[in-house]
Amino acid sequence: MNIKNFASLLLIVVATIFSFGAYAEGEVEDNYAYYGFEPDLITNYISSGKKLGFVRIGIELMVRDPKDLFALEHHDPLLRAAILEIMGSQTADKVKSLTGREEIRRECYDTVNRLIEKETGKAVVVNLLFTKYLYD
């Protein structure tokens, strides 16, 4: 085997080793799973007029480990009730504004993580996403 062929073979082996290492790292990071509340959450919010305001939201909870989905499913009623309580205490202005919606999302995220940590011993929720957000 000449030096040129040996160098090519060595380059292929090194590239393969590094690509397996990158793949293994990516595999760990891409192991996220989502838990969705079914059916959507629907509740009233504080309205200033005579008309009763309501909001309907779809929520997905993002976790790092798919094994954590079992804990979320088990505690679904607790988490659902907490989110409905948060949504029901909001004002119309906050529900209808983009910054208010983000504040509500953040409050829901913090509350869900605090409750699940209290029940399971660890905060498993990485993110809380509003996949649907309808109000009237």
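**Overall architecture and selected local features**

The secondary structure of the protein chain comprises 5 helices and 4 strands, where helices (H or I, at least four residues) and strands (E, at least two) are DSSP runs numbered from the N terminus. The model is a predicted one, in which local features need pLDDT of at least 70 and side-chain atom pairs count only at pLDDT 80 or more, while totals for chains, interfaces and linings use all residues. Residues are numbered from 1 along each chain as its sequence is written, and side-chain values use heavy atoms, with hydrogens and water left out.

Along the sequence, the elements of the protein chain follow the pattern α-β-β-β-α-α-α-α-β. Of its 136 residues, 32% count as buried (under 20% relative accessible area; exposed is over 50% and partly exposed in between, with a 1.4 Å probe and protein chains only). The protein chain exposes about 9,000 Å², with carbon and sulfur atoms supplying 58% of that area; accessible areas come from the Shrake-Rupley method with a 1.4 Å probe, and for residues only the protein chains shown count as cover. Among contacts (heavy atoms within 4.5 Å) with a separation of 6 or more, 70% are accounted for by residues 24 or more positions apart.

Strand β1 runs antiparallel to β3 (residues 53–63), and 4 bridges join the two; strands pair if DSSP finds at least two bridges between them. The loop between β1 and β2 (41–45) holds Pro39, and the peptide bond leading from Glu38 to Pro39 is cis, with omega near -5 degrees.

Two helical residues round out the picture. Ala81 is part of helix α3, which spans residues 76–88, and counts as partly exposed because its relative accessibility is 42%. The C-alpha atom of Ala81 is separated by 9.5 Å from that of Leu41, 40 residues away along the chain. Arg105, in helix α5 (residues 98–120), counts as buried because its relative accessibility is 15%. Leaving aside neighbours within four places in sequence, Arg105 is in contact with Asn127, Leu128 and Phe130. With Leu128, the side chain of Arg105 reaches the backbone oxygen at 2.8 Å.

Conventions
Polar contact = N/O pair within 3.5 Å; in protein donor to acceptor, adjacent residues only side chain to side chain.
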